[in-house]
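Work through the exercises below with the sequence and the coordinates open. Each task is followed by a solution in steps.

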Amino acid sequence: MPSPKTRLLTPNRWSPKGEALGTRDKMTAVWGGIVGEKVRARITRRGANRDYGEVQQVIEPSRYRTEPVCERVNSCGGCSFMHMNQAGQHRAKQALIRYALREEGLEDSVTIGDVVQGPMTDFRHVIKLVASTGDQGRARLGAPARFTKRVVPIPNCNVVTPELRAFTGHAAHKMLELEVRPYTEEAGGLLRYIVARQSRHTGEILVTVVCTRENGLIRQYCEALAFEGVSGVHMHINTREDNVIFGRDEEGQVLTKLIWGRKALTESLLGVELQVGPGDFFQTNPIIAETLYAHVAELAAATEGVPVVDLYSGVGGFALALAGKSGWAVGVEGNANAVSSARTSARKAGVPAEFVHADVIYALEDLREERLEGRRPVVIVNPARRGLEKGVGKQIIELHPRRVVYVSCNPYALARDVRNFLARGWTVSRLTPFDMFPNTPHVEVVVLLEPPDADEAPTVRAPRRKMVR
């Protein structure tokens with residue numbers, strides 16, 4: 001008989017965090033478990049509504065189980081699906097999408113396609129390192145530990161590119177050599193985070209050092225981060241008391257100071273070069289991003305004279321890629337840094353794309369009244385995890401678009417928003433998952449939404465290009 005600290009389980013559902021959920025007297029979330037696989041779980045933490053455990057013994061192994069390629073998979077906790085092969089991970093991600101659709105009553109209305117796959121290692125082109133101290137008070141850089149405030153060193157993290165792995169070791173070495181004190185809530189300190197992004201297009205690395213204040217030591221550390229492939233280093237002062245990496249001002253800007261080198265990276269998607277600066281959102285997996293953007297372009301079916309509206313446009317990828325085909329595209333983004341980057345990219349590429357720095361809910365009303373009334377645009381939306389803010393879906397429908405392509409990193413928010421469109425007579429098709437984040441439960445999803453009058457012709461011609469502010 002298992003002891004009270006262990007539990008025999010056969011999990012039958014996935015949690016959004018990637019744990020396998022099973023019930024025996026009480027719901028238990030099992031780290032390292034697999035749905036349908038019988039295990040003995042060791043209970044590590046008890047909660048009011050569910051307990052938490054990890055696999056102690058596999059009784060009846062799943063055909064999807066494999067040996068994780070990382071020795072720190074359990075202490076780091078960033079790759080909760082690494083104990084499954086690619087087929088098992090994709091099956092789990094489809095199940096998570098199905099749960100989200102079921103909650104909104106859409107399971108029978110939407111067919112989930114095969115997961116578009118990519119490499120399982122060396123795919124991440126961004127690494128976010130936390131500065132902290134170890135058990136002996138020694139400074140370290142790494143990832144947040146699972147369920148604790150500890151930091152786990154990850155010098156050999158195999159989901160990031162080899163160049164970023166090498167840079168991680170260099171940054172940690174220089175922090176120790178210069179005796180740069182990490183920030184902690186208890187003792188204060190200087191260094192909080194290091195964010196390094198590598199361009200797939202050029203191979204260059206842009207580094208942002210996040211610290212509590214500027215002084216001679218932190219500047220010396222920034223200078224010491226000169227390393228093979230590093231093209232520029234920024235400094236960002238963050239005095240917040242929470243664990244947010246980048247503090248933003250009232251305009252949504254991440255204020256950084258260029259210490260040396262280049263201000264931004266150059267990326268490329270669908271043949272258009274994009275400028276990506278510190279604090280700008282850009283996909284961490286550009287290998288899959290290229291495939292996803294091509295799929296969105298196919299669904300958008302942009303043609304000459306059909307305006308393209310790119311909402312939550314970030315650095316402008318969709319608008320820039322489709323402006324040449326449509327003759328005019330406009331992106332709306334609340335992050336001032338990203339809008340500035342997008343405008344620079346449009347100018348350099350010479351494409352008819354404009355970018356508005358505003359909240360989507362307010363920009364849509366102005367665009368409809370001033371530029372898009374009767375013109376039936378194609379709309380692309382790629383919101384943050386929370387999905388569309390209240391009122392945005394209604395504003396999109398009032399644009400009278402001929403189609404909407406919705407890109408989401410949160411199937412639950414997507415399902416909620418899709419249900420609202422269907423309630424107004426729209427149809428949904430072509431739900432395609434993209435494995436943007438292998439070894440994790442996260443998945444990027446693209447759907448096509450079409451109105452009941454999709455074939456109705458526009459009543460006026462497309463707008464001429466002019467700067468929208």
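**Exercise 1. Find which residues L129 touches, leaving out residues up to four places away in sequence.**

Step 1. With contact taken as heavy atoms within 4.5 Å, L129 touches L141, G142, I154, T168, R192, Y193 and I194.

Step 2. The model is a predicted one, in which local features need pLDDT of at least 70, side-chain atom pairs count only at pLDDT 80 or more, and totals for chains, interfaces and linings use all residues. Residues are numbered from 1 along each chain as its sequence is written, and side-chain values use heavy atoms, with hydrogens and water left out.

Step 3. L129 is found in strand β7; strands (E, at least two residues) and helices (H or I, at least four) are DSSP runs, numbered from the N terminus.

Step 4. The relative accessible area of L129 is 0%, so L129 is buried. The cut-offs are under 20% for buried, over 50% for exposed and in between for partly exposed, with a 1.4 Å probe and protein chains only.

Step 5. From L129 to P452 there are 323 residues in sequence and 48 Å in space, C-alpha to C-alpha.

**Exercise 2. Give the strand order of the open sheet of seven strands and name its pairing.**

Step 1. The order is β9-β8-β7-β10-β11-β12-β13, and the pairing is mixed. Two strands pair if DSSP finds at least two bridges between them.

Step 2. At the edges stand β9 (151–152) and β13 (257–261); each has a single partner strand, so one side of each lacks a neighbour in the sheet.

Step 3. β10 and β11 are antiparallel over seven bridges, with R197 opposite L206 in β11. Six residues lie between the strands of this hairpin, and G203 has a positive phi near 85°.

Step 4. β11 and β12 are parallel over seven bridges; V210 has H236 in β12 as its bridge partner.

Step 5. β12 (residues 230–237) runs antiparallel to β13, joined by four bridges. H234 is partnered there by L258 of β13.

**Exercise 3. Decide whether the faces of β11 are covered or uncovered, and find the helices that lie across this strand.**

Step 1. Seven of the seven residues of β11 are buried. I205, V207, V209 and C211 are on one side, L206, T208 and V210 on the other, and both faces are covered.

Step 2. Helix α3 (residues 162–177) lies across β7, β8, β10, β11 and β12, at about 155° to β10.

Step 3. Helix α4 (residues 216–224) lies across β8, β10, β11, β12 and β13, at about 40° to β13.

**Exercise 4. Describe how α5 and α6 pack.**

Step 1. Two packed helices are described by the angle between their axes and the distance between the axes. Axes are lines fitted to C-alpha atoms, for helices over the stretch in contact, and angles run from 0 to 180 degrees between N-to-C directions.

Step 2. For α5 (residues 286–300) and α6 (residues 317–326) the angle is about 50° and the axes are 11 Å apart.

Step 3. The two helices α5 and α6 are therefore oblique to each other. Angles under 35 degrees count as roughly parallel, over 145 as roughly antiparallel, 65 to 115 as roughly perpendicular and the rest as oblique.

Step 4. L292, Y293, V296, A297 and A300 of α5 meet G317, F318 and L322 of α6.
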